[in-house]
Amino acid sequence: MSGRFHDGWLRRTPAELLVPVQEDVRERFARIRSEAEQTGVAPTDPLRFPALDAVQRLLEDLQPAGAAPESAYVYGVLTWYCFRAWAESAGPLLLTEAGARALVARTTPVGAAPPPSPAGYVQLPRHLFWVRPDVDEPAEPVDGLYWEVRAGELGALIVSGLREDRPGLGVVVAPPVALPDLAAASGAEVRPDGPAFVSALPGGADSGLLSLETAGEVYALLARLFAHLTERPEDLSARIEPATQEAPPASRFPYRRLTAPAPPER
């Protein structure tokens, strides 16, 4: 499928925006991992990870001249999540539109399903989910969600605003949640002013759009995703090798696609 909410192939990922197009980010990540192993720095340590020389060089290349000081934190967090997903997962997941809508429409409780890996990235159908990184800024389409597990907690990073016609992106860090509480979060009332995932954009609901307005919605979506991977592993495709696609540009990463039966019509 490659319609309005593109899910035909894995689009260029946030990790691939960390280096110039002609360079493979996996080579940079391999240098980071080698240095971490040599120096005894655990990649799961967000305080020591940025001090690695290979990470410092990557961050220096990322930050444009005259960048605001706070951009160093943004790039640092993004690099950490991207590296962990590369190092600790079997590759990105691509959630199809049918799969996404099935997860959103799910009403049955989910069990305490663990994440499929200690860290990872799930790319959402293009322009289906929207988020507002700042209350004073316009909403942006969500490209996907990174997750990471550390000290019994699940953390998440929302990545938005990826466009083929300009560089840059937006990131929103969701406060971590204890893993034992994740199942309960999947069915909780996570939005105080209405149903979860309903679009907050003018006319968005009528257009089939969805929104992530709260951290609770982020974790509800991830909890349902993890449960689905546990309950219906047959919905996860075999490893798909990247192909050359230009509109939108395809990722270089091998990936797997997760679909699901479409939710029943109401």
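**Close-up views of a predicted model**

**View 1. Surroundings of V122.** Once its neighbours within four places in sequence are left aside, V122 is in contact with L93, L95, D143, G144, L145, W147, L222 and L225. As in every view described here, the structure shown is a predicted model.

**View 2. The largest nonpolar core, with V122 among its members.** This core has 40 residues, and V122, F129, L145, L154 and L222 are those with the most contacts inside it. At least two residues of the core are supplied by each of several elements, including strand 1, helix 4, strand 3, strand 4 (140-150) and strand 5 (153-160). Strand 6 (170-178), helix 5 (182-185) and helix 6 likewise each supply at least two, and the largest share, 10 residues, comes from helix 6. Apart from this core lies another core, which has 34 residues and counts V19, V25, V55 and F253 among them.

**View 3. Helix 4 and what covers it.**

View 4. Y73, V74 and V173 make a nonpolar surface patch of about 270 Å². One of these residues, V74, lies in helix 3, which covers residues 70-88, and V74 is partly exposed, with a relative accessible area of 31%.

**View 5. V171 and the residues it touches.** V171 lies in strand 6, and when residues up to four places away in sequence are not counted, V171 touches V74, L78, L157 and I158. The C-alpha atoms of V171 and V142 are separated by 9.5 Å, although these two residues are 29 residues apart along the chain.

**View 6. A243 in a loop.** Where is A243 found? A243 sits in the loop that runs between helix 6 and strand 8 (256-258). Its relative accessible area is 48%, and A243 is therefore partly exposed, a class that lies between the limits of 20% and 50%.

Notes. Residues numbered from 1 in each chain as written. Predicted model: local features only at pLDDT ≥ 70, side-chain atom pairs only at ≥ 80, totals over all residues. Heavy atoms only, no water. Core = buried A, V, L, I, M, F, W, Y, C linked by side-chain atoms within 4.5 Å. Buried < 20%, exposed > 50% of the residue type's maximum accessible area, 1.4 Å probe, protein only. Helix = DSSP H or I, 4+ residues; strand = E, 2+ residues; numbered from the N terminus. Contact = heavy atoms within 4.5 Å. Patch = residues over 30% accessible without salt bridge, like charges linked within 9 Å, V, L, I, M, F, W, Y side chains within 5 Å. Areas by Shrake-Rupley, 256 points an atom, 1.4 Å probe, with all protein chains shown as cover. Salt bridge = Lys/Arg side-chain N within 4 Å of Asp/Glu carboxyl O.
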